[in-house]
Amino acid sequence: MSAWQLFSGDEVIDTVALKTNNYEEAHTYFRLQKNLDNEVFNKLFTVKEYKKPVKAVGKVEWWKGEPTRLDDF
């Protein structure tokens, strides 16, 4: 099971989790959803497998580097 995204340029139009790892099946799913033929669909959209962003690993000390002096009122 993979997540797939539909792009128009750099903008994500739709994200869906499908029970397939096959690009062709994901492409067909989005194409039929938009009710377009292959040629027109390929001119307007791009289908890519969603890759979950990797989070920073390790201890994050967000308070480091913050000024210790309070603001004057």
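Buried means under 20% relative accessible area, exposed over 50%, and partly exposed in between (1.4 Å probe, protein chains only). This is a predicted model, in which local features need pLDDT of at least 70 and side-chain atom pairs count only at pLDDT 80 or more, while totals for chains, interfaces and linings use all residues. Residues are numbered from 1 along each chain as its sequence is written, and side-chain values use heavy atoms, with hydrogens and water left out.

**Sheet and helix**

- An open sheet is formed by 3 strands in the order S2-S1-S3, with antiparallel pairing; strands (E, at least two residues) and helices (H or I, at least four) are DSSP runs, numbered from the N terminus.
- Strand S2 (11–18) and S3 stand at the edges with a single partner strand each, so one side of each has no neighbour in the sheet.
- Strand S1 (residues 2–8) pairs with S2 in the antiparallel sense over 7 bridges, where pairing requires that DSSP finds at least two bridges between two strands.
- Tryptophan 4 stands opposite valine 16 in S2.
- Helix H1 (residues 23–34) packs on the sheet and touches S1, S2 and S3, contact meaning heavy atoms within 4.5 Å.

**Segment after S3**

- Tryptophan 63 is found in the segment after strand S3 (46–49), and it counts as partly exposed because its relative accessibility is 44%.
- Lysine 59 also lies in the segment after S3; its relative accessibility is 72%, so it counts as exposed.
- The C-alpha atoms of lysine 59 and tryptophan 4 are separated by 32 Å, and the two residues are 55 residues apart along the chain.

How values were computed
Axes fitted to C-alpha atoms, helices over the stretch in contact; angles between N-to-C directions.
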